[in-house]
Amino acid sequence: MERTVYVGNITASITEDTLSALFGHCGAVTNVRISGDPTFNARFGFVEFEEQSMAHTACMLNGLMLAERSLKVSMAKTGISKPDGGG
């Protein structure tokens, strides 16, 4: 969880690959998940990094404009749930 950031206000046109590429500038990304109904105007996601310091660096992207939206980036309160049920 200490290595994961929450990303809010994501448009439906943004993919997990797009987020991975964007946040890859902050450090090595190990996992990305976007949640929420793609038909809604805004969705949210999580980006996990190899190291905690990389996640803190990513928080500096809070307010960055992406696809005409101001991203909301903060430390996540929960980690990314893995498909195998781990997390």
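Me: What does the secondary structure of the chain come to?
Reply: In this predicted model, the chain has 2 helices and 6 strands. Along the sequence they follow the pattern β-α-β-β-α-β-β-β.

Me: How do you know that E1 and E3 count as paired strands?
Reply: Pairing requires at least two bridges between the strands. E1 and E3 have 6 bridges, in the antiparallel sense, so they count as paired. One of these bridges joins Thr 4 to Glu 48 in E3.

Me: What makes E2 and E3 a pair, and what makes E1 and E6 a pair?
Reply: The cut-off of at least two bridges applies again. E2 and E3 are antiparallel over 6 bridges, and Val 29 has Phe 49 in E3 as its bridge partner. E1 and E6 are antiparallel over 4 bridges, with Tyr 6 opposite Ser 74 in E6.

Me: In what order do the strands of the open sheet stand?
Reply: The order of the 4 strands is E2-E3-E1-E6, and the pairing is antiparallel.

Me: Why are E2 and E6 called edge strands?
Reply: Strand E2 (29-35) and strand E6 (72-75) each pair on one side only. From one strand to the next, the twist averages 20 degrees.

Me: Which helix packs on the sheet, and which strands does it touch?
Reply: Helix H1 (residues 16-23) packs on the sheet and touches E1, E2, E3 and E6. Its direction makes about 135 degrees with that of E2.

Me: How do you know that the buried residues of H1 line one face of the helix?
Reply: The residues in question are Leu 19, Leu 22 and Phe 23. Seen down the axis of H1, they fall within an arc of 85 degrees, so they line one face. The elements that cover them include E1, E2, E3, helix H2 (52-58), strand E4 (65-66) and E6.

Me: What makes E3 a mostly covered strand?
Reply: Of the 7 residues of E3, 6 are buried.

Me: Why is Phe 46 called buried?
Reply: The residue is found in strand E3. A residue is buried when its relative accessible area is under 20%. Phe 46 has 15%, so the residue is buried.

Me: Why are Tyr 6 and Phe 44 called partly exposed?
Reply: Partly exposed lies between the buried class, under 20%, and the exposed class, over 50%. Tyr 6 has a relative accessible area of 30%, and Phe 44 has 32%. Both values lie between the two cut-offs, so both residues are partly exposed.

Me: How many aromatic pairs does the structure hold?
Reply: The structure holds 3 aromatic pairs.

Me: Why is the pair of Tyr 6 and Phe 46 called edge-to-face?
Reply: Rings pair if their centres lie within 6.5 Å, and planes over 60 degrees apart count as edge-to-face. The centres of these two rings are 5.9 Å apart and the planes stand at 70 degrees, so the pair is edge-to-face. Tyr 6 lies in strand E1 (residues 4-10) and Phe 46 in strand E3 (residues 43-49), 40 residues apart, and the pair links distant parts of the chain.

Me: What makes Phe 44 and Phe 46 an aromatic pair, and of which kind?
Reply: The two rings are 6.0 Å apart, centre to centre, with 90 degrees between the planes. The distance is within 6.5 Å and the angle is over 60 degrees, so this pair is edge-to-face. Ring pairs link Tyr 6, Phe 44 and Phe 46 into a cluster.

Me: Which other residues is Phe 46 in contact with, leaving aside neighbours within four places in sequence?
Reply: Contacts of Phe 46 include Thr 4, Val 5, Tyr 6, Asn 31, Val 32, Arg 33 and Ile 80. Arg 33 and Phe 46 are 13 residues apart in sequence, with 5.3 Å between their C-alpha atoms.

Me: How do you know that the radius of gyration of the chain agrees with that of a compact globule?
Reply: With 87 residues, a compact globule would have a radius near 12 Å; the chain has 12 Å, so the two agree. The C-alpha atoms fill a box of roughly 30 × 30 × 20 Å along the principal axes. Of the 87 residues, 36% count as buried.

Methods:
Residues numbered from 1 in each chain as written. Predicted model: local features only at pLDDT ≥ 70, side-chain atom pairs only at ≥ 80, totals over all residues. Heavy atoms only, no water. Phe/Tyr/Trp six-rings, centres within 6.5 Å; stacked < 30°, edge-to-face > 60°. Buried < 20%, exposed > 50% of the residue type's maximum accessible area, 1.4 Å probe, protein only. Axes fitted to C-alpha atoms, helices over the stretch in contact; angles between N-to-C directions. Contact = heavy atoms within 4.5 Å. Arc of directions from axis to C-beta. Rg over C-alpha atoms; globule rule 2.2 N^0.38 Å.
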